[in-house]
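User: I have a structure to go through with you. Could we look at it together?
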Amino acid sequence: MMSMKAVKLLLLLCVICFSVVSKTVICEPPPTCPANLDDGECGSEDSGEWEGEFFPGIPKIKYEGPTSKNPLAYKWYNPNEEILGKNMKDWLRFSVAFWHTFRGTGGDPFGAPTKMWPWEDGTNSLAMAKRRMRANFEFLEKLGVDRWCFHDRDIAPDAETLEETNANLDEVVALAKELQGTKIRPLWGTAQLFMHPRYMHGGATSPEIGVYAYAAAQVKKAIEVTHYLGGENYVFWGGREGYQTLLNTDMERELDHMARFFEAAVAYKKKIGFNGTLLIEPKPQEPTKHQYDWDAATSANFLRKYGLIGEFKLNIECNHATLSGHSCHHELETARINGLLGNVDANTGDPQVGWDTDQFLMDVNEATLVMLSVIRNGGLSPGGFNFDAKLRRESTDVEDIFIAHIGGMDTLARGLRNAAKLIEDGSLDKLVRKRYQSFDTELGAQIEAGKVDFELLEKKAMEWGEPEVPSGKQELAEMLFQSAM
Ligand code: XUL
Ligand code: CO
């Protein structure tokens, strides 16, 4: 009889062969099973039930404080410690992304998957989907995180018809509901409208009406299951809502379609009594050359143009921010000052790499800037921090999944502590206020109230003569910021 190791190796080789033969298969991530393949080719139903723990030897992760050298312990994240009047866990509201954590394989366009977790049997069967869901909840419980995020197709396989696919989803969702208990719930759910070939021109912006309808049906179902699971938000990331060339694209019509699609989502959410926040997740490109939700400002303008501003907020992802030529801090502040900061997809890119590397955020400076925005926003609730981040292709131990999340959580916890220090100290705020003190005058107040015309300003300019322009004190601001690190 073949050993388990040999079986896994064989399955891995099959995946490689399949990828090479079928050029349409991109290695990462592989959540969908093409609708026209039967179980024999796409995964069997007899995966068997998993015995015992998925993560044996990994304890419940505890806070041990900054002097701890234990990689499986929190050094900065102490969930019930109060910072600025709120527990750390309520500021941070962490969530695990099912797709990276349980569907990520380490495959990339140049190489085969590197990760074959012990519980995986290499199939996309319903039985495997359920087993993965059990692994997800053991992981959440051991990590001490109460929230998770998912796409419909990450958690349950596609079938030949939409009815059958929905039935698969219902079966896995019923199990998830049971495993969630009363404490755990989705931070957000979403529909995967980018993997399947039918979405090659987009979902809500596809020029093909059948695809528009299919996308709507998929979103309808995804909102329903998010609601059923007690989800707090629902995300729209327009992975293929954009274009490759304007030569074949009616951009105005596509944007109008997207707005109509969102209006229908708002109406349906209200109809079924789903009170979660709808979130748009900006990203400038990848996979399309130009995505319509380019960045926070573009998305805010879209929402305003179509009268959707009160119905949506934004889910800011740090790696998407840098891809659009902004810092994460800029995107968070743009969302915040427009009253649109709803959630953070916590990750980071690589400064030397120009694509969406989705790394765990481990930079304390960056995390402090992120937390400054979040504190100024009064927190994110009902949003939170979703780790839309994956292990590096070369990180292949099961414990690496824990280490990555612990590192990401500790970094944001440290950012929270530093940001609170900066706010309590007040020197940085004082420096900023001082820069604008000339407006803290009677005339300044009148200008800010929109009551001053050009004639009066011209009179003042002549009366005052050449203005004295003070130093911007950038280095002092940077010094004050660093003093809290
Ligand atoms: C892709 C991305 C998505 C969304 C959900 O870059 O961030 O995973 O968060 O579809
Ligand atoms: Co994301």
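**Ligand and metal surroundings**

Analyst: In this predicted model, the shell around ligand 1 is made up of three nonpolar, two polar and six charged residues.

User: Which residues are around ligand 1?

Analyst: The residues around ligand 1 are W99, H151, W188, W237, E281, K283, E317, H320, D345, D356 and D388.

User: How far is the polar side-chain atom of E281 from an oxygen atom of ligand 1?

Analyst: That distance is 2.7 Å for E281. For K283, a side-chain N or O atom is 3.0 Å from an oxygen atom of ligand 1, and a side-chain N or O atom of D356 is likewise 3.0 Å from an oxygen atom of ligand 1.

User: How much of the accessible area of ligand 1 does the protein cover?

Analyst: The protein covers 93% of the 290 Å² that ligand 1 has on its own.

User: Now the metal. What are the protein donors of the cobalt ion (ligand 2)?

Analyst: The protein donors are E281 (OE), E317 (OE), D345 (OD) and D388 (OD), and they lie 1.9 to 2.1 Å from the cobalt ion (ligand 2). Along the chain, the donors follow the spacing E-x35-E-x27-D-x42-D.

User: Where do D345 and D388 lie?

Analyst: D345 lies in strand β13 (residues 341-345), while D388 is in the loop between β14 (385-387) and α14 (398-425), so the pair ties together parts that are 43 residues apart in sequence.

User: Are D345 and D388 buried or exposed?

Analyst: Both D345 and D388 are buried.

User: Why is the arrangement around the cobalt ion (ligand 2) octahedral?

Analyst: The arrangement is octahedral because the six donor atoms around the cobalt ion (ligand 2) subtend angles of 80 to 173°.

Notes
Residues numbered from 1 in each chain as written. Chains lettered and ligands numbered in written order. Predicted model: local features only at pLDDT ≥ 70, side-chain atom pairs only at ≥ 80, totals over all residues. Heavy atoms only, no water. Donors = N, O, S within 2.8 Å, 3.2 Å for Na, K, Ca; no water. Tetrahedral: all angles 85-135°; square planar, octahedral: opposite > 155°, others 65-115°. Helix = DSSP H or I, 4+ residues; strand = E, 2+ residues; numbered from the N terminus. Buried < 20%, exposed > 50% of the residue type's maximum accessible area, 1.4 Å probe, protein only. Near = heavy atom within 4 Å. Polar contact = N/O pair within 3.5 Å; in protein donor to acceptor, adjacent residues only side chain to side chain. Areas by Shrake-Rupley, 256 points an atom, 1.4 Å probe, with all protein chains shown as cover. Nonpolar A, V, L, I, M, F, W, Y, C, P; charged D, E, K, R; others polar.
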